[in-house]
Amino acid sequence: MMSAQLQRPSQAGAQVPAPGNSIDATGPSVVEQQQTNGAEPLRNRAGESKSPFVRAHCDSLVAWQLLDDDAVNRAKRENKLIFLSIGFLASHYCHLTRQESFSNPKVASLLNENFVPILIDREERPDIDSIYMSYNQSLSGSGGWPLNVFLTPELEPVFSGTYWAAPGVQDDVVTDGVEKPLDWLIVIQKVLDSWQDEELRVRDEAKKMVIELSHISAEGTLNHPGNDFLPAQPVVQPQTATPTIDYSREVYGEVDLDQIEEAYVRITRTFDPMFGGFGTDDKFLTTAKLSLLLRATRFPKVVQDVVGPNDCTYITGMGLHTLRRIANGAVHDHIGGGFHRYSITRDWSLPAFEKMLIDNVLLLNLFLDAWLLSGGTENGEFADVVIEIADYLISNRMLSREGGFYTSEAADSYPRKGDTVMQNGAFYLWTRKEFDTIINDEQDSEIAAAHWNVQEHGNVGREYDPHDEFLNQNVLHIVKNSARLSKQLGISESEVKQRIRAAKEKLRAYREKERAHPEIDTKIVTAYNGMAIAGLTRTASALLHTSPNGPGLGRKYLEAAKNAALFVRNELWDEEKKILYRVFSDGERYIEAFAEDYALLIEGLIELYEATTEELWLEWADELQTLQIKLFYDNPTPTPTTANARCGAFYSTVMGAPYTLLRIKDAMDTSQPSVNAVSVSNLFRLGGLLGDKKYTYLAKESVNAFGVEMLEHPNLFPGLLCGIIPWKLGGRHWIAVGENPEATQLTVYHKAPRAALFTLRYYVPGRTDSWLSRRDSRTANFPQEEGFYAPSRDGTFQKLDDDDLSRVDPFHSVPAHI
């Protein structure tokens with residue numbers, strides 16, 4: 001295969017002939033041939049894009065094209081391979097590749113003359129990124145960005161890789177007999193040679209790879225429901241109408257609560273007891289796994305009995321230990337707030353410096369749950385981290401003046417204002433001399449240096465800095481807390497905290513004044529904004545019920561969440577055509593939304609309804625949910641097709657999405673929760689809030705669609721595993737009756753950490769003309785007396801008492817009975 005050929009260059013580090021000489025030194029160049037044939041030479045079209053990442057390449061020597069009919073048709077017409085590069089603005093390695101390789105004349109000439117180079121922002125087209133990342137992982141077992149893929153004109157993958165060395169960089173590297181890593185010129189030339197010499201073989205292998213990819217990406221298409229789910233279909237004639245389904249019927253499947261126990265067993269095997277997280281190499285935030293760990297002690301008793309109550313305590317403890325390590329580590333920006341993307345080191349001491357909106361929102365939810373697990377008091381453990389992340393999210397680094405949230409902050413920046421060369425992590429690095437000079441107080445400096453591990457010759461290990469990129473530099477991370485320093489120095493802990501706080505304020509002021517901020521990716525993505533709306537709303541709801549200072553912060557965060565929802569509604573939603581868009585950038589909306597945009601926005605709107613009692617959010621969530629089902633749901637049709645497997649669950653793209661080889665269902669959680677995990681949660685919640693049996697049925701059917709995969713690898717589906725519990729056990733649904741719900745019950749609800757299905761419905765007697773009263777057929781039977789109620793299985797409603805509240809909140813004190 002071509003991948004094997006490329007990984008074994010004939011002579012590592014060999015000089016590659018200059019472009020134009022490698023094919024026929026005496027014949028006309030490709031540019032001359034194009035001009036003779038009447039074809040216009042490629043010109044760089046990156047400036048036409050609205051993506052900040054793509055536009056950053058507008059002065060590149062590579063003649064970048066956009067993914068559109070013009071570029072694809074040109075590749076077909078000229079019978080050229082497409083060179084597709086996928087990346088994102090914040091990425092250090094995408095920046096490095098642009099600076100080192102795409103500015104190289106030889107690389108640019110080879111690409112421009114012999115390929116059609118196309119550039120994509122992965123945050124705009126996650127569907128395409130997902131397909132070709134699966135291909136890349138099938139070749140190398142790993143992934144990353146930039147993702148560089150060579151494609152046939154029909155978009156079938158031929159070869160791919162991530163970061164390749166710039167030409168000449170490997171020439172002086174000593175490898176002790178081991179082949180040197182591939183560099184760009186070797187890769188491009190060998191792909192070109194294969195295409196020119198063996199095009200038929202290359203095309204044949206590419207077609208076979210697409211078939212293999214369809215098998216690799218077959219999640220959610222294997223568990224056909226059969227007659228247990230659908231009425232028998234006549235075979236005489238094809239049926240055009242959607243078959244009628246009894247949504248009150250139960251869904252049966254093999255997955256059960258045992259899969260949660262097995263997932264915990266497998267996840268805990270890879271747990272790092274010393275430093276937290278999973279594995280012993282670089283550490284990713286793995287928020288879905290950590291969320292599953294934190295939920296263990298708050299799952300229903302039946303689930304805890306299956307897992308083992310003592311095991312549940314241990315499992316949640318692993319999650320809390322990891323969060324403490326993350327909060328103390330260098331992935332945490334201790335000066336300005338927020339978190340970086342992942343840690344290059346096992347002990348969280350050296351981050352990849354990108355700051356992503358989605359990572360910070362997901363961590364906000366995790367630290368919020370951790371804080372609530374510990375009691376949710378104003379000065380409780382993790383309270384400061386929760387507030388710091390929320391403040392970072394609503395700062396001008398992440399929040400636009402119009403109300404939408406930006407996507408990221410870049411890893412690279414100029415060390416000082418006026419510098420001309422960017423450096424990885426420059427905004428976050430400190431020499432010891434600089435550190436001492438800025439703080440300008442010997443005792444404060446010594447205490448802060450001991451706290452954050454600031455060393456004379458830097459604190460980055462040489463094994464992680466082969467090119468002296470961080471020579472004498474320090475990345476702040478906590479190695480001694482205030483209690484330990486107090487004991488060591490013989491001063492009060494309050495004094496230690498005050499001195500660290502004083503040092504932090506000086507470092508922050510200096511950084512803001514003297515250093516150039518990393519570049520912000522200012523595009524606004526619907527899915528990411530939905531996540532921010534949900535996270536900030538949950539945080540606000542908890543703080544609004546935390547005295548004495550919580551309510552002020554809560555109102556501020558809730559206002560930001562509502563403004564973001566209004567921004568999405570005004571700028572990314574076409575009310576007349578009922579079209580949701582994914583991206584807003586440069587004053588325009590574009591790219592129709594994917595399933596993840598619907599799912600994550602719906603989640604945010606549900607949170608807003610439960611926090612505010614405002615029906616408009618729930619009404620819009622219901623409208624979007626109907627659309628998501630219509631556009632993306634794998635409805636049970638009489639016979640499967642290549643675009644519909646009749647298994648239930650959501651595809652990531654609409655049928656016939658442009659430039660996509662495959663239609664895929666996303667269920668495995670990665671750096672963000674999977675589409676189907678979020679969608680299942682939404683359907684269960686909306687089913688409970690609206691009394692909609694169809695939504696509840698589709699939620700169960702969606703979980704069951706992945707039954708085959710979950711039985712084999714339950715640990716890969718932490719988000720979807722949470723859907724097994726409401727499927728098998730139902731959920732907890734509260735109804736608040738009256739104009740002013742009691743604060744005690746609201747506090748219990750809003751300060752409950754995420755665990756199993758739990759909803760809060762508001763009902764005001766007499767408002768029969770409201771949308772919600774019309775939408776929910778149960779309303780006529782709701783209680784009329786003020787209070788909090790829970791529905792019983794017989795259709796009646798039971799008023800909640802203190803024992804009910806204590807079952808939800810162990811910290812709720814039950815009055816003594818006389």
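1. Phenylalanine 367. In this predicted model, phenylalanine 367 is in contact with Leu323, Ile326, Ala327, Phe339, Phe382, Val385, Val386 and Ile389, leaving aside neighbours within four places in sequence. Phe367 is also listed with Tyr132, Phe150 and Trp734 as having the most contacts inside the largest nonpolar core.

2. The cores. The largest nonpolar core has 207 residues. Helix α14 (residues 357–373) gives the largest share of this core, 13 residues. There is a second, separate core of 17 residues. Among its members are Ala449, Trp452, Leu485 and Ile500.

3. Aspartate 359. This residue lies in helix α14. Is aspartate 359 buried or exposed? Its relative accessibility is 6%, so aspartate 359 counts as buried, the cut-off being under 20%. Not counting residues up to four places away in sequence, aspartate 359 touches Leu285, Arg341 and Ser671. Aspartate 359 and tyrosine 528 are 169 residues apart in sequence, yet 9.8 Å apart in space, C-alpha to C-alpha.

4. Geometry of α21 and α22. Helix α21 covers residues 550–571, and helix α22 covers residues 595–612. Their axes come within 11 Å and cross at roughly 135°. That angle makes α21 oblique to α22. The crossing is left-handed.

5. The α21–α22 contact. Which residues of α21 meet α22? They are Leu558, Ala561, Lys562, Ala565 and Val568. On the α22 side are Leu601, Leu605, Leu608, Ala611 and Thr612. By class, the residues of this contact divide into eight nonpolar, one polar and one charged.

Notes: Residues numbered from 1 in each chain as written. Predicted model: local features only at pLDDT ≥ 70, side-chain atom pairs only at ≥ 80, totals over all residues. Heavy atoms only, no water. Axes fitted to C-alpha atoms, helices over the stretch in contact; angles between N-to-C directions. Helix = DSSP H or I, 4+ residues; strand = E, 2+ residues; numbered from the N terminus. Parallel < 35°, antiparallel > 145°, perpendicular 65-115°, else oblique. Left-handed = near helix turned anticlockwise from the far one by under 90°. Contact = heavy atoms within 4.5 Å. Nonpolar A, V, L, I, M, F, W, Y, C, P; charged D, E, K, R; others polar. Core = buried A, V, L, I, M, F, W, Y, C linked by side-chain atoms within 4.5 Å. Buried < 20%, exposed > 50% of the residue type's maximum accessible area, 1.4 Å probe, protein only.
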